[in-house]
Amino acid sequence: MFISPSGTSLKSSLTKTLFFGHEPTPELLGILVVYFVQGILGLARLAVSFFLKDELGLSPAEVSALFGIVALPWIVKPLFGFISDGLPILGYRRRPYLILSGILGALSWAGLATIVQTSTAATLALAVGSLSVAIGDVIVDSLVVERARAESQGEVGSLQSLCWGTSAFGGLITAYFSGLLLEHFSTRTIFWITASFPLIVSGVAWLIAESPVTEKPDLSTVKHQFEELRKAITQKAIWLPAAFVFIWQATPTADAAFFFFTTNELGFEPEFLGRVRLVTSIASLVGVWLFHRFLKNVPFRVIFGWSTLLSAVLGMSMLLLVTHTNRALGIDDHWFSIGDNLILTVMGQIAYMPVLVLAARLCPPGVEATLFALLMSISNLGGLLSYQFGALLMHLMGITQTNFSNLWILVVIANVSTLLPLPFLSWLPATDATQPSEAAMEIETDTTPTKLGQSLLPELMSELVPQSLLQQPAEEPAE
């Protein structure tokens, strides 16, 4: 065994540093690979955006509306959980569904690379890709939630940080190449390359530790689960925070219009946009690290309050770019855009990390995965409405592929509206992330294990749907 100068084994050191103290078991590595693939699917983000804008000729409002439709699988993720739990494939509830998710993802990108010629077909293909990632998330997130509930006080939030950090690292690896490849290859060629990534998810499915199902779930099991879920969601300590997150996510976004502005008005090339994505990927990792290192013990109200306020203020800096004031200040468009995205992404990641921790800590035993799926679906529904509201505003303001005269008004509305949730901060728990939720403690003594001997469902995040100011700054969907 290798020993460090401090007397700590190299393995222990790496476990603490790279895995935030979690033992790197084959199952954990498999889970992290799924998140990693979500990140590297970002290779096609810019290709999708340019494909929709240039080859299909969609307007900013149409692109924003399309993104909202593509997000639909993330709204009904709890349904996928019930399906995977109630309909085992060849006796297994997890591995076959991971394999299926990989196959669906590969087919969706292969379709974009070959037969997609219309906006309707593109929407369908991207929605299937979204469904693919959502199904994979449903499976691995059930494992994440189960592990998160077993974390000690000092480890709270570390698993979520690890998973998000892994996804951000995957995005970091492909960020620059997402633009560079567009300088040399067609969008369809990039779609072909991307089609190979989901198959990695199918491959790591065998790393998931799972015993074959020996008994079929019956109606009483499902009824018991629904009853436990009903007890949970009727607790004010659960539905009030969920309502807050929904309002926080549902404010309109200017992402689609801003992408058209940077490419059509400012003339940013794909290679430069790849550099911006690289910077934002690094910023995401910085945000995860800052939360894990300094903020995971800070009360939710404090984090949400200050991050929302600062993001709204800093987000107004986009007005300088939209009105070309940065040029009068002697700041080049390219440098200004990089700096702006860097700051806003760090703030956005810090603001969003508590959502994951909060959702996990609200869930009482017995329904943790199911409720977690429901809570995150509510958050994703807010994100869907964010794009639809943005599309409506773009249409009403006459913002098109070439007309950006009213874009500054949209930027102001998008940023000011992020302040709307602040009067409802009292809906969030007053304690910090290390304290068990009030709802979980209330229900815990009244909850019995399910007949299946495991939490029924799953859930979580979306790399597919970029969320405005995160809500993450102007990036387009990958999956």
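**Thr174**

I began with Thr174, which sits in helix H9, residues 158–184; helices here are DSSP runs of H or I with at least four residues, numbered from the N terminus. This is a predicted model, where local features need pLDDT of at least 70, side-chain atom pairs count only at pLDDT 80 or more, and totals for chains, interfaces and linings use all residues. Residues are numbered from 1 along each chain as its sequence is written, and side-chain values use heavy atoms, with hydrogens and water left out.

Is Thr174 buried or exposed? I found a relative accessible area of 7%, so Thr174 is buried (buried means under 20% relative accessible area, exposed over 50%, partly exposed in between, with a 1.4 Å probe and protein chains only). I then looked at the side chain of Thr174: one of its polar atoms lies 3.4 Å from the backbone oxygen of Gly170. Setting aside neighbours within four places in sequence, I noted that Thr174 is in contact with Gly39, Ile40, Gly42, Leu43 and Arg277; contact means heavy atoms within 4.5 Å.

**Helix H6**

Next I checked which residues of helix H6 (residues 77–86) are buried, and got Lys77, Pro78, Phe80, Gly81, Ser84 and Asp85. They cover an arc of only 155° around the axis, so they are on the same side of H6; the arc is that of the directions from the helix axis to the C-beta atoms. A reminder to myself: an α-helix has 3.6 residues a turn, so residues three or four places apart point the same way.

**Helix H12**

I looked up Glu228 in helix H12, residues 219–233. Its relative accessible area is 5%, so Glu228 is buried. The C-alpha atoms of Glu228 and Leu371 are 9.6 Å apart, although the two residues are separated by 143 residues along the chain.

Ser337 lies in helix H19, and I found it buried at 5% relative accessibility. Beyond neighbours within four places in sequence, Ser337 is in contact with Phe268, Val276 and Leu321.

Ile343 lies in helix H19 too, but I have it down as partly exposed because its relative accessibility is 44%. Ile343 belongs to a nonpolar surface patch with Val302, Trp306, Leu309, Leu310, Val313, Leu314 and Leu342. Which elements give two or more residues to this patch? They are helix H16 (300–315) and helix H19 (333–362). H16 supplies the largest share, 6 residues.

How values were computed:
A polar contact is a pair of N or O atoms within 3.5 Å; within protein, one must be able to donate a hydrogen and the other to accept it, and residues adjacent in sequence count only if both atoms are side-chain atoms. Patches are made of residues with over 30% relative accessible area and no salt bridge: like charges are joined within 9 Å, nonpolar side chains (Val, Leu, Ile, Met, Phe, Trp, Tyr) within 5 Å. Accessible areas come from the Shrake-Rupley method with a 1.4 Å probe; for residues, only the protein chains shown count as cover. A salt bridge is a side-chain nitrogen of Lys or Arg within 4 Å of a carboxyl oxygen of Asp or Glu.
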